Protein chains: 2
Amino acid sequence: MNIVDQKFIEKLAISNSAKIVLVVLDGLGGLTSEKTGKTELETANTKNMDELAKISQCGFSYPIAPGITPGSGPAHLALFGYDPIKYEIGRGILGAVGIGFEIKQSDIASRANFCTVDEQEIITDRRAGRISTEKCKELCQLLESNIKVKNFEIFVRPEKEHRASVIFRKENAGGNLSDSDPQKEGLQSKEIKALDSNSEITAIAVNEFLAQAKNILKEFKPSNMMLLRGFSKYPDLPQMQDVYKVKSAAIATYPMYKGLAKLVGMEILQTGDTIRDEIKTLKENLSNFEFFYFHIKKTDSSGEDGNFDAKVAVLEDFDRCLPDILNLNPDVLVLTGDHSTPSRLKAHSWHPVPILLSSKYVISDGVSRWTERECYKGGLGHLNALNIMPLALAHSLKLKKYGA
Amino acid sequence: MNIVDQKFIEKLAISNSAKIVLVVLDGLGGLTSEKTGKTELETANTKNMDELAKISQCGFSYPIAPGITPGSGPAHLALFGYDPIKYEIGRGILGAVGIGFEIKQSDIASRANFCTVDEQEIITDRRAGRISTEKCKELCQLLESNIKVKNFEIFVRPEKEHRASVIFRKENAGGNLSDSDPQKEGLQSKEIKALDSNSEITAIAVNEFLAQAKNILKEFKPSNMMLLRGFSKYPDLPQMQDVYKVKSAAIATYPMYKGLAKLVGMEILQTGDTIRDEIKTLKENLSNFEFFYFHIKKTDSSGEDGNFDAKVAVLEDFDRCLPDILNLNPDVLVLTGDHSTPSRLKAHSWHPVPILLSSKYVISDGVSRWTERECYKGGLGHLNALNIMPLALAHSLKLKKYGA
């Protein structure tokens, strides 16, 4: 499908009060169960989504291109209309922004994992048995207050469970660094290397930080080491209000998704842990924004755990909540995922993602259930994820005509 | 959909005598009526198109990309295989070429509206109550013969109703100018400004022209002023005979479409006002050309008027004429539109446009009526308009193999 540049959309975008709600069921797309021959969506009892599909337009979205499995960062950028190949965002920045850390332009952020190592410093668990978030906070405080590295200010901030962000601050320091995390168990962590000459001082500082951290953490098994990866700086992304002329808000429960939304200029709304909490937040804030990014995480986590039934249950839970969203009468409602996470693969996959577009300007397409197999018949055909934002804007009459 | 560059097509194109007829039902695509739930195509009794659909291949074409609403200029360029984002054509040039004005390379053309202003020079009707074409001719002659501006030769030529073209001629004059037309009623017209230093002399001349025009027109209420917009020069477009190796002809009743066709190198055939007149022209000229652009305007005008029934009637009228086209046995017949103009929206829209491709080299796809909903099942899927010309050439065996 043809894709136009975001600059092209920017010239056509106009402001109006119509509301767009983009529901992202993370890792939505699935594969058939080997037992039943049905996918997660086909197995789930989702009568509200199915009824909506009958009066909407359905189809598929490729997050990047056929065959490409995306991470959550690029997949979300594409949904927001940002070319995920042009804009690469480091994992470190995503995490730091996601936890609400006030990052400065020259800061270098990294994603940190507490992990378990044995006596030979071989990594035996990259996630330190998924320690509690409480424990993570405690260890982060300990590291931040005890580690001193010359010329650098260092922040160690907890995310969830074993995850943390470590931010290195020094004016004009380079941030082009290799990872210490080997991304595999059974290996030792790697020495951080500078990938350009401007980053050599930073590499020395980061290795010094890790040495001190190892020393402090050694008595805290299973979280007796720290791994760093994804060193990155704040990217200069066009902001949604400038490009699309919408005030936009994010309703998401996990830090990384909040981080992504913040990078493109969305306001991050405080919300609770459940889909019902998120809908309450949507309702309360409906009049203040024109665009809502509404994120549901658990479809992906259950897919990654290989838990077919749990993924089905999340879909059914969302389905029960759907009428509450429909009752808010958004002008445009898009249901889709950022990528597929089939339970059978226990991982993100390359499969195109079902999409449903509801607006008063669609011609329904005869799709009778919102499933992968029914979406094959959908009137939207196979889109690229970058087409979704222009379509949502068009259906809310927020794009002017191009040319005379 | 993947798109190849026109230069790529040019290298593959070969000449043969096969005939291609591209029928453009302007503003073809529609939306459902709120009363009946059916679109214009679904409502129309179009048994000939439906029979043809059963032995053809159907699908959709996006004029630019999903979500983008095109004007007629870019939408037609795309149908002719010219990238509408690369080639932007000014409204002034379109009008001037459309009325058959012999434009020179350094001419600066503008689109003119006769309009009505009140005593405070506030525009009360941008279209001067749609004065008759006769009146427009008379006023244009009056202006052209009476206005003198130093160093410039000026042509004032009528289009239809309140529309005219004003062409400013001076060797090497710049034509990068702002509009005087504020595109809104309740405002005064704006002073023309040069948008680069090379256009300053032209700006002075145009403002002088407008001052004299105002003085001459003041006694001709409701057409007591003139507005100018879309200043532009002749674009240097590749010509169809060079790119596609076809002799091409345009059968169209409205100036702008003739203008567009002329820009890409088509010969403009004289024809009458009705679809039957246009078919007669096609028949008479069939042996002299290999490619025919056959334009039907009234589907769009009735859509823009919000007249659902009138749009249905035009579709039915064309359907009755279709056998006369089929009797001419074109090797390739494409039915499509340049863009959608749903009566419900009273405007061009972003919706993809139904397309039907008839040739002896298609596999029929089970589409039983030529409607939006049936086209969802079509074997062509969702194309970009830029794919249509290569497909038509391929089906008439006018494209060589690429590579060994």
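Analyst: The contact between the chains

Only 3% of the interface residues of chain A are also interface residues in chain B, so the copies meet through different surfaces; contact here means heavy atoms within 4.5 Å. This is a predicted model, in which local features need pLDDT of at least 70 and side-chain atom pairs count only at pLDDT 80 or more, while totals for chains, interfaces and linings use all residues. Residues are numbered from 1 along each chain as its sequence is written, chains are lettered from A and ligands numbered from 1 in the order in which they are written, and side-chain values use heavy atoms, with hydrogens and water left out.

Chain A brings 30 residues to the contact and chain B brings 32 residues. Together the two chains bury about 2500 Å², with 64% of this on carbon and sulfur atoms; buried area is the accessible area (1.4 Å probe) that two parts lose on being put together, summed over both. Between chain A and chain B there are zero salt bridges, a salt bridge being a side-chain nitrogen of Lys or Arg within 4 Å of a carboxyl oxygen of Asp or Glu. Polar contact, however, is found in 11 residue pairs across the interface, with both residues at pLDDT 80 or more. Such a contact is a pair of N or O atoms within 3.5 Å; within protein, one must be able to donate a hydrogen and the other to accept it, and residues adjacent in sequence count only if both atoms are side-chain atoms.

On the side of chain A that touches chain B, at least two residues come from each of α1 (6-12), β13 (381-384) and α14 (388-395) of chain A. Helices (H or I, at least four residues) and strands (E, at least two) are DSSP runs, numbered from the N terminus. The most is given by α14(A), with four residues. By type, this side of chain A has 17 nonpolar, eight polar and five charged residues. Ala, Val, Leu, Ile, Met, Phe, Trp, Tyr, Cys and Pro count as nonpolar, Asp, Glu, Lys and Arg as charged, and the others, Gly among them, as polar.

How are the two copies related? Chain A is superposed on chain B by a rotation of 124 degrees with 0.0 Å of shift along its axis, at an RMSD of 0.4 Å. The copies are thus related as by a three-fold rotation axis. The superposition is by least squares on the C-alpha atoms of residues with pLDDT of at least 70 in both.

Over all chains, the structure holds 42 salt bridges. One of them joins the side chains of A:K311 and A:E40 (3.9 Å, N to O). A:K311 lies in helix α12 (residues 308-326) of chain A and A:E40 in helix α2 (residues 40-43) of chain A, so this pair ties together parts that are 271 residues apart in sequence.

The peptide bond from A:K221 to A:P222 is cis, with omega near 15 degrees, and A:P222 is found in the loop between α7 (200-217) and β7 (225-232) of chain A.
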